[in-house]
Amino acid sequence: MKFRTYGYAGALLALSSLPAETLAATVRVGVVLTYTGGAAQLGQQIDRGMNLYIKQHGSELGEHNIELIKRDSKRPGGDIAKTAVQELITRDQVDLLTGFVFSPNAMASAPLVTRGQVPMVIMNAGTAWIPSLSPYIVRVSFTMWQFGHPMGGYAYDSLDCKSAASGYTDYPPGKDSVAAFKHGFERAGGELVDSIPMGSPREVPDFTPFFQRVKDAKPDCFYVFVPGGNHSTAVVKTFADLGMKQAGIRLIGPGDITQDTKLQSMGEDAVGLVTMHHYSADYETPENKAFVQAWKAEYGADTTPDFMGVAGWDGMAAIFHVIRSQNGKIDADGAIQALRGWKFNSPRGPILIDPDTRDIVQDVHIHKVVKSGDRLAIQVVGTIPQVKDPCKALSLGKCAN
Amino acid sequence: MSEFLNVVISIVFDGLAYAMILFIISVGLSVTMGLMGFVNLAHGVFAMAGGYATVAIMSQLGIGFLPALLCAGVAIGVASLVLEQTLYAPLYKAGELDQLLLSIGLVFMASGAFTYFFGPDPISVQIPDYLHGQIDLGVRSFPTYRVFMIAVGIAMALGLWISLERTLIGARIRAAVDNRPMAEAVGINVNRLFKLTFALGSGIAAIGGGLAIDILGLTPNFAIQYLVLFLIVVAVGGLGTIRGTFVAALALGIIDNAGKYLWPEGGAFFIYAVAIAILLWRPSGLFGRTD
């Protein structure tokens, strides 16, 4: 039982028996992002990506309008996001939900979107099994397994890592990412000697004791997952301060540790880092160059999009696709149906929503940090085309069924 | 065996560096609480302000890290006197709850104010090149900055200890901590003494805040994030004692590091367990007076 503002218009319409095509609808989209606090920069990235898409493609909605109702989820804990989602569904009666930087925020909200029957387009939150939590979840960002799993094989085969340790921020995507790496690495023949939880996502810890433990264990590779944002700079700094590179240990991880917005502040210490990811602002494709150029024109020459910004852009493209295909009248099952198998030419490359899992399928690239003039740049040294989430493909752990 | 030794050295060394930060920031809190009995939860704000002041002074005046640290220490020390005069002094006779509310309010206001002026992201500090990298101390190499941190901490502890034990002002402070009415009766101006130690403690905390940036990072949440830790150090060490604060910082710093190194799954469990155990054994802290 849901009443929406355009419901009245619909009733009037039925009385006057006008053709449905002429009805201009305002689609209400609830946006749940970290707008304040330590993760505000992540929310801002996604927000900017969304708004840039609306600005450039707004006319494609025809007579329909889109209204964004923004709510601040502040921190990774899930509690504030859940309250926000509840209010958006019951009070604001939104047609769609989107945003979600942190996995726990998406997980806590999943039961609500199932009950409220509101489609949810996830723009970051990468824990593999999140789309399984509700039939109304679609993800346009990534899954931790898309990077961790191939990285395991690549580290063993191409980086000459026979032994490895992993360190992770202690919350669901961290555990997921190192589980993916472990599976990929051990399957290739490597030996994972240690796996270390390294504090919470909320505050950046002093990584020294954890990294020192790894340094003393002397593995060939050290796989690190930390959430996007401020943790990554501290990871690269601690790694350099402890002289781990000189001790013969290679730092690897998903691309979160070489996020475009953080890369320049890492300095020389980041050169040579190898990560696995789906996006960098340095990609040389025409689509990405146009995207980055538009971004800088809109938000300033010293800004750059990163993988979260591009997810905001792509997520909004997905929402536009839903609005157009449903002609402004959003019905949850129809919206999900419209997104199954949806293809889009993203700045990151071609993407597809897997019809079975409602999760993203995309190219995954091997990134290497190189010095280019006086700035650091991401060089693509290899590409794995159209990767489906390996966790669900292999039916492992919580991804089973 | 050498591997075992290596682990011990790792733990003790990093623990020492961490302990020195705890000591430098907490020592002022211990002495002022011992002297005035004022529950000042906002003490960490001075450390945080010192960190931001160091970075601001470096970029505005274009001077190096070490001179900027000293300037920040003096500036925050003087600024803290203004706060003391206007906000703290009226509440000296008030109950602990009022003092607690005032000072925790200051913490939240400071957090908001620093977010407004400096943004929510961590800021970093340009430390001089000679403090970068690794230094070989014979047995093995250590991060240079942490060696420097340990040296500064020990020098500061010695300096404070000597001035408290061997100077006239130090004798007056000890007298006032021991028995305030008696000290006042023999003509010691405890209020003026308190202002002096308050400013000194805040200034030292500010220097600690500046020194801590490269190790703990610095965000507008600093004063909240580490508040509990500073209070634990003071409580475990005992109020009004430099030696107690030093020993408590050492013990807690090294134990926290050992816990994270040996049993990372345990998180911050160790430091709290040890604090509780010590306080059960000695409710007034290791070196606190039990009268």
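Between chain B and chain A, 21 residues of chain B are in contact with 21 residues of chain A, where contact requires C-beta atoms, placed from the backbone, to lie within 7 Å. The model is predicted, so local features need pLDDT of at least 70 and side-chain atom pairs count only at pLDDT 80 or more, while totals for chains, interfaces and linings use all residues. Residues are numbered from 1 along each chain as its sequence is written, and chains are lettered from A in the order in which they are written.

On the side of chain B that touches chain A, two or more residues each come from α1 (2–36), β2 (141–143), α8 (190–216) and α11 (242–262) of chain B; helices (H or I, at least four residues) and strands (E, at least two) are DSSP runs, numbered from the N terminus. The largest share, four residues, belongs to α1(B).

Within chain B, α11(B) also packs against α5 (residues 144–166), at an angle of about 160° and with the axes 10 Å apart. Axes here are lines fitted to C-alpha atoms, for helices over the stretch in contact, and angles run from 0 to 180 degrees between N-to-C directions. The pair is therefore roughly antiparallel, a label for angles over 145 degrees. From α5(B), the contact draws on A157(B), L160(B), W161(B) and L164(B), and from α11(B) on I242(B), R243(B) and F246(B).

Chain A, for its part, is divided into domain 1 (5–142 + 284–358) and domain 2 (144–277 + 363–399), with bounds from an automatic or database domain assignment. Each domain gives 24 residues to the contact between them.

Definitions and conventions. Two residues are in contact if their C-beta atoms, placed from the backbone, lie within 7 Å. Angles under 35 degrees count as roughly parallel, over 145 as roughly antiparallel, 65 to 115 as roughly perpendicular and the rest as oblique.
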